[in-house]
Amino acid sequence: MLTRVPFYKRIAIFGWRNLVLLQTRCSSVLTSLRERGLVSAYTSEDMEKLFEQNHQTIYCGFDPTARSLHIGNMLAIMGMIHCLQDGHNVIALVGGATGRIGDPSGRSTERTMLPEKHLQENIQGITNTLNRIITNARQRTTAASQHLNNAELSSCDALPEASYNNRKPPFFKIVNNDDWYQQYNVIDFIADVGRHFRVGSMLAKESVRSRMENAEGISFTEFAYQVLQGNDFLHLYRTHDCRVQLGGSDQWGNITAGIDLIRRVTGSASYGMTIPLLTTSSGEKFGKSVGNAIWLDEELTSPYDLYQFFVNVPDEDVEKYLKALTLLSGNEVQSVMKKHETSPHLRTAQYTLAAEVVDLVHGKVVTEKAAATSHALFQSGSIEDLPIQTLTMMFADAPAICLDHTFIEQSPSILGLVASKAAGKRAIKAGGIYLNNKRIHEDGTFSSRDILGDALTILRHGKKQYLVIRWQD
């Protein structure tokens with residue numbers, strides 16, 4: 001008996017954790033990733049057949065150089081999620097050992113060595129983030145399976161039903177390379193691993209060559225990084241039959257170092273695929289190294305700020321982000337964009353993007369709160385019912401002044417918001433001054449009704465100029 005299932009439904013039909021992983025092959029995950037703009041390059045044309053014919057084990061590494069991953073890392077995470085949905089095993093490697101060394105790729109200076117305490121905190125933070133996002137993705141898959149459970153299946157090439165009935169579901173696991181490097185001593189590592197690397201090839205890597213050309217040069221520590229990452233690939237090949245490494249486009253040299261090591265040691269073929277960097281339409285990058293990181297930890301970037309970041313994405317970027325950063329199918333993305341193009345001022349695509357990303361990163365409940373907060377602030381006009389904790393979070397970075405409660409009747413309502421009293425009158429007449437997100441029509445004094453949660457009053461001039469009044473006893 002042949003069961004025919006379209007690619008975008010095949011995982012959803014019975015659920016990720018059940019034996020849904022039908023061995024159908026409308027297209028490989030490589031094709032799907034390419035269509036989403038998630039492929040920069042791959043090492044062999046054989047990868048297409050590799051993914052089509054067999055389920056693979058794939059790994060992607062994350063060095064713990066910060067407490068959290070950021071939005072730039074989401075492309076690699078989405079690559080892992082799509083591989084899982086296609087039935088492939090996925091390993092996320094958190095570099096407890098390599099994090100002590102520092103990857104020279106894409107850097108002009110050497111990293112500062114982290115104290116052990118900070119390194120361990122970063123490892124835990126990144127581990128928590130990865131587990132949370134993968135769990136949320138699995139819940140999305142389960143929800144989709146319930147929705148499509150009785151869907152009519154359309155035609156597509158398929159394998160016999162027996163070929164997937166006995167198949168184990170794919171696994172996702174997080175490993176720390178410090179676990180195996182603790183077992184090495186320096187002499188054994190150089191003898192067993194180092195002898196397979198050729199200095200000429202190592203010097204030719206872009207990450208090394210670019211550093212050799214500047215005045216600071218490169219230390220032996222960072223020069224040896226590619227040996228460690230190459231050995232990680234070999235270790236996972238031996239312990240998990242991992243044959244594919246996924247990484248950012250700046251990781252090409254490190255990935256090919258591992259492929260070459262596996263070939264030299266075992267004689268077997270392995271493969272690599274790089275994912276492009278997340279950029280705007282103007283080419284601007286996102287990340288901690290360029291100072292504009294949007295973090296995936298709510299303590300560093302609140303869910304509301306993450307939501308608003310994507311609400312404010314320009315039209316020229318939104319379709320690309322919908323394909324790359326969400327689990328929406330190609331047809332669903334096109335449907336969203338069609339609605340958006342008929343009424344772009346409603347920002348339908350941006351609100352969809354924001355909800356999808358925050359749902360993946362923080363979960364459904366948090367997404368609903370972020371969306372409700374955004375709606376209250378920018379659409380419904382009323383912020384009076386929002387919790388004081390939410391308001392404090394929303395306006396944490398806004399200019400603020402402190403006033404004593406005893407001066408409430410004397411404080412002008414446009415205090416500090418405009419340059420002069422005359423400018424204030426003109427702004428009020430033009431309808432540009434807001435008190436707690438409600439337009440005011442005349443200058444005056446505050447009343448107790450204007451203090452939200454007995455703590456804050458929010459003034460706004462125009463669309464983006466805020467002043468927070470923090471009331472004190």
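Analyst: Start with the disulfides. A search of the whole structure, which is a predicted model, finds 0 of them. A disulfide is a covalent bond between the sulfur atoms of two cysteines. Distance settles the matter for C83. The closest cysteine sulfur to that of C83 belongs to C60, and the gap is 9.5 Å, too far for a bond. The cut-off for a disulfide is 2.5 Å between the sulfur atoms. C83 counts as buried, because its relative accessibility is 1%. C242 is another buried cysteine, at 0% relative accessibility.

Now the charged residues. Side chains of opposite charge can pair when their charged atoms come close.

Take R100 and D178 first. Their side chains meet in a salt bridge, with 3.1 Å from N to O. R100 belongs to helix α4 (residues 98-101), while D178 belongs to helix α7 (residues 178-181), so the pair ties together parts that are 78 residues apart in sequence. R100 is partly exposed, at 25% relative accessibility. D178 is buried, with a relative accessible area of 14%. The line between the two classes is 20%.

Next come D241 and R243. Their side chains also form a salt bridge, at 3.1 Å from N to O. D241 counts as partly exposed, with 41% relative accessibility. R243 is partly exposed too, at 23%.

E319 has a relative accessible area of 26% and is partly exposed. K323 is likewise partly exposed, at 28% relative accessibility. Elsewhere, bridges with shared partners build a network: R100, E116 and D178 are joined into one.

For contrast, look at a nonpolar part of the surface. V186, I187 and I190 form a patch there, with about 320 Å² of accessible area together. V186 lies in helix α8 (residues 186-192). V186 is exposed, because its relative accessible area is 60%.

How far can the model be trusted, residue by residue? The protein chain averages a pLDDT of 84, and 86% of the residues score at least 70. Confidence is highest in strand β3 (residues 89-94), at 98. It is lowest in helix α6 (residues 162-165), at a mean of 42. Two stretches call for care. Over residues 1-26, pLDDT stays under 50, and the model has 103 contacts beyond four places in sequence for them. Over residues 148-165, pLDDT again stays under 50, with 40 such contacts. Where pLDDT is low, the predicted coordinates should not be read in detail.

Key: Residues numbered from 1 in each chain as written. Predicted model: local features only at pLDDT ≥ 70, side-chain atom pairs only at ≥ 80, totals over all residues. Heavy atoms only, no water. Patch = residues over 30% accessible without salt bridge, like charges linked within 9 Å, V, L, I, M, F, W, Y side chains within 5 Å. Areas by Shrake-Rupley, 256 points an atom, 1.4 Å probe, with all protein chains shown as cover. Salt bridge = Lys/Arg side-chain N within 4 Å of Asp/Glu carboxyl O. Helix = DSSP H or I, 4+ residues; strand = E, 2+ residues; numbered from the N terminus. Buried < 20%, exposed > 50% of the residue type's maximum accessible area, 1.4 Å probe, protein only. pLDDT = per-residue confidence, 0-100. Contact = heavy atoms within 4.5 Å.
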